[in-house]
Amino acid sequence: MPGGVRVTAELMVGTDLAAEMVANAATRAEKLRESTGVQPCLATVLVGDGPASATYVRMKQNRSKKAGIGSRSVVLPSATTTAELVATLTELSNDSAVHGILLQHPVPGHIDERAAFEAIDPAKDVDGVTMHAFAAMAFGEPGFRSCTPGGIMRLLEAYDVPISGAHAVVIGRSPILGKPAGMLLLASDATVTYTHSRTVGLPEIVRTADIVVAAVGKANFVRGDWLKPGAVVIDAGYNEGNVGDVHFGEAAAVARLITPVPGGVGPMTIALLLEQTVDAAEAQSETAVQSVAGLA
Ligand code: NAP
């Protein structure tokens with residue numbers, strides 16, 4: 001957090017809540033291993049050598065290990081074609097030792113990312129990136145959540161933020177963050193406004209928000225004078241130098257609640273990924289037992 005900042009907002013800290021979620025996931029992973037011999041396994045797929053993506057993947061693997069979740073790492077060159085990536089993801093989808101699959105976003109521009117995401121078996125889509133997962137989020141049905149939006153919802157719940165009837169403005173509409181975040185808020189009865197790079201009059205729109213979700217990828221993009229006093233500000237951004245998409249110093253003097261960067265949304269994302277990997281492993285071993293018993 002920047003020094004010398006006048007913080008009047010309460011911080012929405014994700015670290016403790018995330019640690020609790022990871023501890024629960026670890027206990028469940030251990031129970032599954034003891035009762036069935038199955039260790040939950042998360043396969044991570046990284047295309048190219050972007051340093052930020054490589055760091056995210058490494059962090060996810062390290063946390064998996066600490067939670068007793070195995071990891072399988074697949075690193076593909078930047079020149080990988082859509083067909084090659086789809087083939088890798090299909091192979092992992094068919095591998096019974098792998099319970100969850102994470103394709104690190106973004107992939108290089110020449111790859112059809114949607115086609116790649118759709119090659120992930122929905123039963124293993126623990127990062128919530130397939131159309132199947134999106135539809136479940138949009139219809140308010142159970143299923144895997146996109147991890148950052150799902151983590152944001154857990155944080156809002158933990159801090160008792162009223163969502164029903166609130167006006168939520170989501171800045172950004174990426175398939176892994178902005179779009180599903182808006183859908184989850186809508187499913188919780190918020191009135192949702194999506195904004196993006198073509199939006200006209202963004203500050204005026206943000207000023208009408210009770211809840212702001214910033215998912216832009218631009219450091220210090222949302223300014224304090226864009227905010228309604230008392231707003232709840234969720235900064236999902238993560239830019240070089242541990243800087244979010246919201247100007248923390250300005251926003252913290254206006255908002256009621258605000259997530260710090262780091263330590264806000266980031267840890268929740270990884271915690272949900274691990275929780276959903278254990279969910280997937282439990283569901284798949286249940287299906288395997290039923291299939292042996294001739295019930296599936
Ligand atoms: P992305 O795929 O690049 O999407 C960025 C979105 O921001 C796009 O929808 C884009 O609009 C919109 N945008 C760009 N310029 C804008 C502007 N001037 N005004 C309004 N909207 C604008 O990024 P992403 O993957 O969603 O990530 C967003 C941020 O979240 C990044 O900082 C990333 O590092 C961070 N992130 C954090 C986590 C975590 O665990 N905390 C996880 C994932 C991502 P168009 O659609 O019109 O182009």
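Student: In which loop is alanine 236 found?
Tutor: This is a predicted model. Strand E8 covers 232-235 and helix H9 covers 248-251. Alanine 236 is found in the loop between strand E8 and helix H9.

Student: Is alanine 236 buried or exposed?
Tutor: The relative accessible area of alanine 236 is 16%. Buried means under 20%, so a value of 16% makes alanine 236 buried.

Student: How many Å separate the C-alpha atoms of alanine 236 and isoleucine 171?
Tutor: Along the chain, alanine 236 and isoleucine 171 are 65 residues apart.

Student: Which atom of alanine 236 lies 3.2 Å from an oxygen atom of the ligand?
Tutor: The ligand side of this pair is an oxygen atom, at 3.2 Å.

Student: What share of the ligand's exposed area does the protein bury?
Tutor: Taken alone, the ligand exposes 930 Å². Of that area, the protein buries 74%.

Student: Which side chain has a polar atom 3.1 Å from a nitrogen atom of the ligand?
Tutor: Two side chains can be set next to each other here. A polar side-chain atom of histidine 105 lies 3.1 Å from an oxygen atom of the ligand. The polar side-chain atom that lies 3.1 Å from a nitrogen atom of the ligand belongs to lysine 218.

Student: How many charged residues does the shell around the ligand have?
Tutor: In total, 25 residues surround the ligand, and Arg173, Ser174, Ser197, Tyr238 and Thr269 are the closest. By class, the shell has eleven nonpolar and eleven polar residues. The number of charged residues in the shell is three.

Student: Which helix gives the largest share of the shell around the ligand?
Tutor: The space taken by the ligand is the largest pocket. The largest share of the shell is three residues, and they come from residues 265-292. That helix is H10.

Student: With which side chain does glutamate 275 make a polar contact?
Tutor: Glutamate 275 lies in helix H10. Its relative accessible area is 15%, so glutamate 275 counts as buried. At 2.5 Å, the side chain of glutamate 275 makes a polar contact with the side chain of arginine 154.

Student: What is the relative accessible area of serine 188?
Tutor: Serine 188 lies in the loop between helix H7 (178-187) and strand E6 (191-195). Serine 188 is partly exposed, because its relative accessible area is 28%.

Conventions: Residues are numbered from 1 along each chain as its sequence is written. This is a predicted model: local features need pLDDT of at least 70, side-chain atom pairs count only at pLDDT 80 or more; totals for chains, interfaces and linings use all residues. Side-chain values use heavy atoms; hydrogens and water are left out. A residue is near a molecule or strand if one of its heavy atoms lies within 4 Å of it. A polar contact is a pair of N or O atoms within 3.5 Å; within protein, one must be able to donate a hydrogen and the other to accept it, and residues adjacent in sequence count only if both atoms are side-chain atoms. Accessible areas come from the Shrake-Rupley method with a 1.4 Å probe; for residues, only the protein chains shown count as cover. On a 1 Å grid over the protein atoms alone, a cavity is a set of points where a 1.4 Å probe fits but cannot get out, and a pocket is an open set with protein on both sides within 12 Å along at least five of seven lines; lining residues have an atom within 4 Å of a point. A molecule sits in a cavity or pocket if more than half of its atoms lie within 2 Å of its grid points. Helices (H or I, at least four residues) and strands (E, at least two) are DSSP runs, numbered from the N terminus. Ala, Val, Leu, Ile, Met, Phe, Trp, Tyr, Cys and Pro count as nonpolar, Asp, Glu, Lys and Arg as charged, and the others, Gly among them, as polar. Buried means under 20% relative accessible area, exposed over 50%, partly exposed in between (1.4 Å probe, protein chains only).
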